[in-house]
Structure formats: structure tokens, C-alpha cells
Amino acid sequence: PEKLTAHSVRDLISLRRELAATRARGFSIEEGQVREGMTCLGVVLYDYSGKAVAGMAVSLTHREATPDMVANLGAQMRETAAALSRRLGAP
């Protein structure tokens, strides 16, 4: 797709690198790729079959998104997504 900002993913190699980092971390981090000055974190919720059925996200300004804040929010979101997924019967 067309780049939305100067920070948007430029190519397939960069996208694959970002996806690998997201999987390893357990949550996504989007830093100004869609909207300048915004950082967004996201997690996936799974159902009983292990299928991704929903997502949860939070947005912060770059000023609010300190490394500690991102790490703490990401961990809390990951835990919340796991708890909700278990309630949906996820394995």
C-alpha cells in the first residue's frame, strides 16, 4: 500500500522484520507509520479453535510513549489478551 507517513513500512523485507519482532515481543508497536506523532500498541485475541478473532489496541502520543511506558503497557495488554483469549476457550 501507499505510505501514509515517512515512517511507514517501505518494503516486504522491512515488514517481515517487523512481524518477527512483533511475534517475539507478543504485541505490536506502530510508531508513526499511520499517523505522525502517534504510537500504537496492539494484541490479538484467540478463540477456542486458536483462530484470531479480535484485536485490542491503545494509542499514545510519542511524548507519552517512553520505552518504559511501552514495555509496561505492552506487557499488560499481552496478559489481558491472554486472559480474554482463555475466556474464549483458546488453547
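User: What counts as a contact here, and which residues does Leu41 touch?

Analyst: Contact means heavy atoms within 4.5 Å. Leaving out residues up to four places away in sequence, Leu41 touches Phe27, Ser28, Ile29, Met56, Ala57, Val58, Val70, Leu73, Gly74 and Met77. This is a predicted model, in which local features need pLDDT of at least 70 and side-chain atom pairs count only at pLDDT 80 or more, while totals for chains, interfaces and linings use all residues. Residues are numbered from 1 along each chain as its sequence is written, and side-chain values use heavy atoms, with hydrogens and water left out.

User: Why is Ile13 called exposed?

Analyst: Exposed means over 50% relative accessible area, buried under 20%, and partly exposed in between (1.4 Å probe, protein chains only). Ile13 has 57% relative accessibility, so Ile13 counts as exposed. Ile13 lies in helix α1 (residues 12-25); helices are DSSP runs of H or I with at least four residues, and strands are runs of E with at least two, numbered from the N terminus.

User: What makes up the largest nonpolar core?

Analyst: A nonpolar core is a set of buried Ala, Val, Leu, Ile, Met, Phe, Trp, Tyr and Cys residues joined through side-chain atoms within 4.5 Å. The largest one has 11 residues, including Phe27, Ile29, Leu41 and Met77. At least two of its residues come from each of β2 (38-46) and α2 (67-87), and α2 gives the most, with four.

User: How do you know that β1 and β2 pair?

Analyst: Two strands pair if DSSP finds at least two bridges between them. Four bridges join β1 (residues 28-31) to β2, so the antiparallel strands meet that cut-off. Leu41 in β2 is the bridge partner of Ile29.
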